[in-house]
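Please look over the sequence and the model first.

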Amino acid sequence: MFGLKLKKKKKAEKGLILANKAAKDGQGKAEAPQEGPSHQEGSGEDWISNNASTTPAPSVPLTRRSKLVTKIHDGEVKSQNYQIAITIIEARQLVGENIDPIVIIEIGDEKKQSTVKEGTNSPFYNENFVFDFIGPQLHLFDKIIKISVFHHKLIGSILIGSFKVDLGTVYNQPGHQFCDKWALLTDPGDIRTGAKGYLKCDISVTGKGDVLKTNPKISDAEEQIEKNLLIPQGFPSERPWARFSVRLYKAEGLPKMNSSIMANVTKAFVGDGKDLLDPFVEVSFAGQTGRTTVQKNCANPTWHEQVIFKEMFPPLCRRVKIQVWDEGSMNNVMLATHFIDLKKISNEQDGDKGFLPTFGPAWINLYGSPRNHSLMDDYQELNEGLREGVSFRGRLLVEIAVEILSGGPQESKFSKALKELKLSSKDKDSKSSKGTSKDKGDKTDDGKSQQATDKAKSTEVEVESFDVPPEIVPEKCEEFLLFGAFFEATMIDRKIGDKPISFEVSIGTFGNLIDEGSHHGGRKKSTELAEEDTLPLLHEGERDSADATIPMVSTTHPEKPLVTEGNRNYNYLPFDARKPCVYFISSWGDQTFRLYWSNMLEKMADLLEEGIEEVRELIKISEEVPEEKMKMVLSDFISQSSAFISEAEKKPKMLNQTTLDKKRLTLYWQELEAMTKEAKGIIQQQQKLSLDEMIRKAQTFVEKIHFLVDEPQHTIPDVFIWMLSNNKRVAYARIASRDLLYSPIREQMGKHCGKIKTHFLKLPGKRPAGWSVQAKVDVYLWLGSTRYSSAILDNLPTGYEVETSSKVTAVSHPPDNLLYQGQHLFQLRAHMYQARGLIAADSNGLSDPFAKVTFLSHCQTTKVISETLSPTWNQMLLFNDIVLHGDQKELVDSPPLVVVELYDSDAVGKPEYLGATVAAPVVKLADQEYEPPQLSYRPIFCGNLPGGDLLAVFELLE
């Protein structure tokens with residue numbers, strides 16, 4: 001193994017440490033002898049997992065802890081400044097006689113207009129307009145630029161034609177701009193009349209640090225309008241009109257609240273019988289908005305209405321925005337916002353491969369501010385979708401369909417069928433034989449004679465009710481058990497106070513006991529369980545009837561926090577030997593196959609990424625090896641994709657698949673096939689690529705797969721861990737449910753399922769500047785169908801005794817506590833050598849850095865080194881008498897983690913936060929031979945910003 005030969009070189013250290021890590025995880029030992037020394041250079045982890053992917057049996061023991069992540073938390077969504085510059089150059093072929101054209105530009109609420117040119121059909125303007133915006137990028141990109149040309153009159157100008165494009169489309173163009181392009185003007189009032197003229201303009205969107213390229217101007221003589229239209233590359237120059245219909249079936253579990261004072265007074269008089277909630281849904285797309293009717297006093301409303309937009313296809317606007325509102329007497333309150341990206345639900349390739357946007361019928365999970373909220377909602381922007389939602393706010397059943405209109409006077413089948421449905425429902429409200437005509441409608445009798453109304457011609461938004469087509473199968477629900485065990489709760493911010501602290505884990509409304517609405521959920525739950533007891537199908541024989549009585553234990557027992565030794569700013573909970581557990585059952589539609597596919601793809605992307613990282617490390621220490629390694633990484637990728645493709649092809653057609661599921665599955669394997677072909681080409685070196693180019697290619701593969709991983713049709717909502725102080729919510733962590741999902745097939749399992757993962761809790765909503773960690777929680781979580789409930793404890797560190805409450809006798813009952821009897825005394829040595837490239841905190845461009853090292857309930861601080869960004873402390877911090885509970889071998893394999901925070905010391909005021917990193921200590925037991933560990937660099941992050949590196953190593957000695 002060359003890693004050892006190159007010990008003298010500084011650069012080799014990292015490779016070495018990695019090789020060590022694998023052995024320490026207990027994986028290296030199991031697999032090394034059989035593999036032969038052919039390729040053990042890397043970290044040892046990747047070849048093991050490939051081995052696992054070829055043999056379905058999990059021969060390799062799973063690691064106990066999730067992969068170490070050095071980043072403590074993602075930064076804020078930053079507001080940025082953007083400038084939108086629009087130059088209106090000229091217009092041609094405007095329709096009309098003797099017109100005085102004027103151009104009006106609208107972006108959001110801002111409106112600007114050009115001068116009036118009199119009596120011409122091809123006016124020349126050459127005028128500049130600049131708009132400034134401040135806001136998060138995502139929000140900005142939904143804004144629509146609408147450019148209209150009017151015939152100017154003193155009283156009421158007449159619209160000639162208009163054009164719309166969203167800022168995201170412009171920003172994604174090369175150079176963030178459209179230069180010298182002709183925008184096609186159409187009349188929104190009548191889509192069948194075709195072009196109303198062309199307007200030549202430049203549009204550019206620039207953020208901070210973007211560079212604008214100037215494009216050479218084309219002389220007028222050689223210019224052809226049709227070949228130079230304002231559309232992204234790859235769009236057809238003639239775009240047909242299409243109907244986008246968004247169907248809203250129903251919603252579930254909306255927060256039952258009303259923040260108007262009057263409502264609370266009525267509540268007091270009437271008694272709390274009704275849900276004080278009058279929900280309606282608003283759908284916005286391409287600058288137009290349609291809203292459904294209001295369902296009174298209903299937290300689980302059913303609408304069965306569709307909102308129809310007409311827009312050219314492919315559209316120049318990318319996201320559909322769906323918002324749920326509560327109608328109030330004074331003003332409407334927004335409950336939640338969700339965006340659907342058309343790119344994710346369609347495929348733009350030509351021919352048979354591409355497909356039109358299609359979605360559902362599928363549930364969308366809504367997230368936003370906490371459900372129990374006060375009158376003044378401080379978190380309103382969470383409900384506008386501006387930041388990460390901190391709580392589940394119900395879900396919505398939605399379907400999206402797009403069909404191309406040919407644009408002529410003849411109508412499509414679909415609109416005819418809708419007309420019939422409307423007519424028949426007017427004749428008879430009851431379901432007559434005519435009314436039940438299928439959703440695509442095959443009748444043609446009186447559709448033609450019925451003249452197309454004005455509505456069909458204009459692009460106005462239509463909202464109408466629809467009958468649920470019979471082919472929609474009611475979804476089968478499956479029960480999921482969530483089990484969690486808390487191993488450590490430290491670094492709890494002192495500001496939270498010394499009131500008893502507990503933790504709550506919830507999925508959707510299940511497990512959420514504090515806020516309103518969940519006692520109702522609990523009641524509903526028990527009836528569902530009772531019903532299912534009578535269905536013998538769901539209980540596959542071996543389940544006891546006692547299984548149905550699993551209570552809901554979603555919060556840990558409150559405990560008083562104690563002060564951390566050596567740092568008064570942090571408290572901790574003394575879990576010591578007794579680790580508290582939570583568990584409860586929730587039921588969701590059985591569409592876990594979506595999550596399984598995402599997990600399989602994500603594992604492929606992660607392995608590829610790890611491979612690329614190793615190659616990058618190897619480049620630093622040798623010449624030939626990295627290229628071999630890169631080829632190996634690619635061939636592994638090829639074998640995994642072919643495994644995935646064969647898996648995908650043999651999947652039976654399931655009833656609960658939507659059109660999008662089938663299309664996405666084909667898309668997965670088309671993309672993977674294309675990528676494997678490319679990868680094979682690289683390995684066989686059809687064209688000679690340098691190593692950098694190979695890495696870049698592999699990196700694009702990773703990005704492509706990551707794009708496929710994100711599943712637009714939701715199933716199980718995310719899991720939230722909340723820290724409660726005196727039963728008030730203070731900080732949270734949010735985990736995607738697919739990361740915790742269990743599957744008997746190793747590749748489909750979530751990456752954190754049945755592993756101890758360190759979560760750093762964050763504050764909900766807007767976070768104050770320089771905010772610190774709220775708490776560090778090590779928790780073991782397992783989520784899976786109740787069929788597999790025997791596997792919940794499979795991967796816990798051994799050496800525990802199960803403690804259940806005396807009331808329950810069932811065997812399959814999850815434990816209330818885990819008792820780790822074994823105690824071991826350790827000493828932690830933190831060798832803090834130096835750091836480099838820190839963030840400058842002082843006005844002189846330097847910092848006075850010192851580090852705080854926190855391990856469990858102990859903390860120590862290094863000395864302050866003044867005025868430097870690369871401090872050398874060269875200090876060893878000794879933590880004596882550290883008691884660890886559990887089995888010795890387990891402690892060696894997966895010890896608790898060390899957190900290092902860096903601060904800038906100020907003469908006055910609080911120290912300023914510079915970043916932090918997380919590290920796993922090297923464990924040596926008393927009977928092992930001591931050898932000094934190697935220092936290695938660890939990246940420091942301050943929020944999302946890289947904040948330098950720390951050169952240190954931590955030893956845990958018995």
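The points that follow go from the whole chain to single residues.

This is a predicted model, in which local features need pLDDT of at least 70 and side-chain atom pairs count only at pLDDT 80 or more, while totals for chains, interfaces and linings use all residues. Residues are numbered from 1 along each chain as its sequence is written, and side-chain values use heavy atoms, with hydrogens and water left out.

**The chain as a whole**

- The protein chain holds 16 helices and 38 strands; helices (H or I, at least four residues) and strands (E, at least two) are DSSP runs numbered from the N terminus.
- Of its 958 residues, 54% are buried, where buried means under 20% relative accessible area, exposed over 50%, and partly exposed in between (1.4 Å probe, protein chains only).
- Taking contacts (heavy atoms within 4.5 Å) between residues at least 6 apart in sequence, 72% join residues at least 24 apart.
- The accessible surface comes to about 43,500 Å², and 52% of that belongs to carbon and sulfur atoms; such areas come from the Shrake-Rupley method with a 1.4 Å probe, and for residues only the protein chains shown count as cover.

**Nonpolar cores**

- A nonpolar core is a set of buried Ala, Val, Leu, Ile, Met, Phe, Trp, Tyr and Cys residues joined through side-chain atoms within 4.5 Å.
- The largest nonpolar core has 40 residues, and those touching the most other members are I84, I86, I88, I105, I145 and I203.
- Apart from that core lies another of 37 residues, including A286, I345, F355 and V461.
- Beyond its neighbours within four places in sequence, I88 is in contact with residues that include V103, I105, N126, F129, I147 and L199.

**Helix α14**

- Helix α14 has 26 residues (659–684), and at 1.5 Å a residue it should span 38 Å, which agrees with the 38 Å between its end C-alpha atoms; the expected span is 1.5 Å times one less than the number of residues.
- Just after α14, Q685 takes a positive phi of about 55°.

**Strands β34 and β35**

- Strand β34 (residues 898–904) pairs with β35 in the antiparallel sense over seven bridges; two strands pair if DSSP finds at least two bridges between them.
- One of the bridges joins L902 to G915 in β35.
- Because seven of the eight residues of β35 (residues 912–919) are buried, this strand is largely enclosed by the rest of the structure.
- Y913 is found in β35 and counts as buried at 16% relative accessibility.
- Residues touched by Y913, not counting those up to four places away in sequence, are H73, E901, L902, Y903, F941 and C942.
- The C-alpha atoms of Y913 and S772 are 7.8 Å apart, although 141 residues separate them along the chain.

- K776 is found in strand β27 (residues 775–785) and is buried, with a relative accessible area of 1%.
- Its side chain makes a polar contact of 2.7 Å with the side chain of E488; a polar contact is a pair of N or O atoms within 3.5 Å, where within protein one must be able to donate a hydrogen and the other to accept it, and residues adjacent in sequence count only if both atoms are side-chain atoms.
- N795 is found in the loop between β27 and β28 (800–803) and counts as buried at 8% relative accessibility.
- The side chain of N795 reaches the backbone oxygen of T63 at 3.1 Å, and a polar contact of 2.6 Å joins the side chains of N795 and R64.
- N795 and R64 are 731 residues apart in sequence, with 6.4 Å between their C-alpha atoms.

**A histidine in a loop**

- H176 lies in the loop between α6 (167–171) and β7 (177–185).
- A polar atom of the H176 side chain lies 2.7 Å from the backbone oxygen of Y171.

**Backbone exceptions**

- Most residues other than glycine have a negative phi, and most peptide bonds are trans.
- N126, in strand β4 (residues 124–136), has a positive phi of about 50° and is partly exposed, with a relative accessible area of 48%.
- N874, in strand β33 (residues 872–885), also has a positive phi, near 50°, and is exposed at 55% relative accessible area.
- A cis peptide bond with omega of about -5° joins F313 and P314, and P314 lies in the loop between β12 (302–312) and β13 (319–326).
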